[in-house]
Amino acid sequence: MQNLSDVKNYKYDGSKVFPEAQDFLPILGTDYVELYVGNAKQSAHFYKTAFGFKSLAYCGLETGNKEYCSYVLVQDKIRLVLTTPYSGNSEIAEHIKKHGDGVKVIALSVDDADHSYKESVNRGALSYFETITEKDSFGEVKRSAIRTYGDTIHVFVERKNYKGVFMPGFIEWNSEYNPESTGLMYIDHMVGNVELGQMNYWAKYYSQCLGFANLISFDDKDISTQYTALMSKVMTNGNGRIKFPINEPAAGLKKSQIEEYLEFYKGAGCQHIAVATNDIVFTISEMRKRGVEFLHVPGTYYDSVPDRVGDISEDLAILKSLGIMVDRDDEGYLLQIFTKPVEDRPTLFFEIIQRKGAKSFGKGNFKALFESIEAEQARRGTL
Ligand code: FE2
């Protein structure tokens, strides 16, 4: 086994060097995603209203937590935690000062948090905290954590002996305001943006420390426009429930969206959270009505869709009116759309995706998508 200094010196030689995924943890799915935000109460209202989440759990002053409050929201299998500190002197406050609102924790459900921690750290993962056991009258939850890119962490969550609403320390959050779901079901993938030259380091980190495999790679010829380019490697765990594409900027005539992200986030971090729906027309109609802003897809994009994608069961005119993109691979097709950043810094955004057989990521849409992002960058003066 290589240690981490070997990983740091790792140079990609162009050949496939990643072993097939070895599910030694194994990871059962995404347990929750936690964002550190400037005002969790108001963020919670946004995600409930605009995205269709419902109130689930809460901790804060009323539960005896004098350091921070967390609001836990739920929609089908997705749990979103929004956390704000009560004082400026805390690690959470430092995170918000540096990065703005953003993803701190990508929590992974495991059978055994201690085993997951020890196995991954033995393989070179960077420790964040060792296993802690928290108990209340509903049972116990064990958690441990390792670092990933930037200041982002993975928390391993073992909750098989817990019957409470979220975890010890939280109370049920009963709210009279719970808007209807928009049909979001589960997290399909979460993408990280890393600094120039770091993509292979982090791909190797997931391969070596967590037993992930490289599902697919995109180079700057796959993902480029006239002006900007990026490279990406999609890492997946053995059962395919966790997919982490890792992007890095590539040389181009102008500043890429990845460089813009790194500049505003002050380093590597989570670029987008892709959430799955099984009725994207309903989901996007609802989200647009509720005020979510999406990237603009030029009308001409749809001229080539019938030739490129072939028969689809959706009405193309409706997809065009909603700005939903389509792509096909060997196994089927997919429908996808991207929000604009959900905070003032041009950093984190969401993707909504409906898979109809396709297991890929919309390569056929990359060019139109990145031209659309470039148009936004030009308006921000950051292209
Ligand atoms: Fe994506």
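Buried means under 20% relative accessible area, exposed over 50%, and partly exposed in between, with a 1.4 Å probe on protein chains only. Cys209 is buried by this cut-off, at a relative accessible area of 0%.

This is a predicted model: local features need pLDDT of at least 70, side-chain atom pairs count only at pLDDT 80 or more, and totals for chains, interfaces and linings use all residues. Residues are numbered from 1 along each chain as its sequence is written, and side-chain values use heavy atoms, with hydrogens and water left out.

**Stop 1: cysteines.** Stay on Cys209. The structure holds 0 disulfides (pairs of cysteine sulfur atoms within 2.5 Å). For Cys209 the nearest cysteine sulfur is that of Cys270, 19 Å away. Now select Cys59, which is in no disulfide; the sulfur of Cys69 is 7.3 Å away. Cys59 is buried too, with a relative accessible area of 3%.

**Stop 2: the iron ion.** Select His189, His272 and Glu351. They coordinate the ion through NE2, NE2 and OE, at 2.0 to 2.2 Å. Donors are N, O and S atoms within 2.8 Å of the metal (3.2 Å for Na, K and Ca); water is not among the atoms, so sites may look incomplete. The donor spacing in sequence is H-x82-H-x78-E. His189 sits in strand 10 (residues 186-193) and His272 in strand 14 (residues 269-276), so the pair ties together parts 83 residues apart in sequence. Strands (E, at least two residues) are DSSP runs, numbered from the N terminus. Both histidines are buried.

**Stop 3: a hairpin.** Select residues 127-136 and 139-147. These are strands 6 and 7, antiparallel and joined by 7 bridges; strands pair if DSSP finds at least two bridges between them. The hairpin has 2 residues between its strands. Finish on Ile132, whose bridge partner in strand 7 is Arg143.

Methods. Helices (H or I, at least four residues) and strands (E, at least two) are DSSP runs, numbered from the N terminus.
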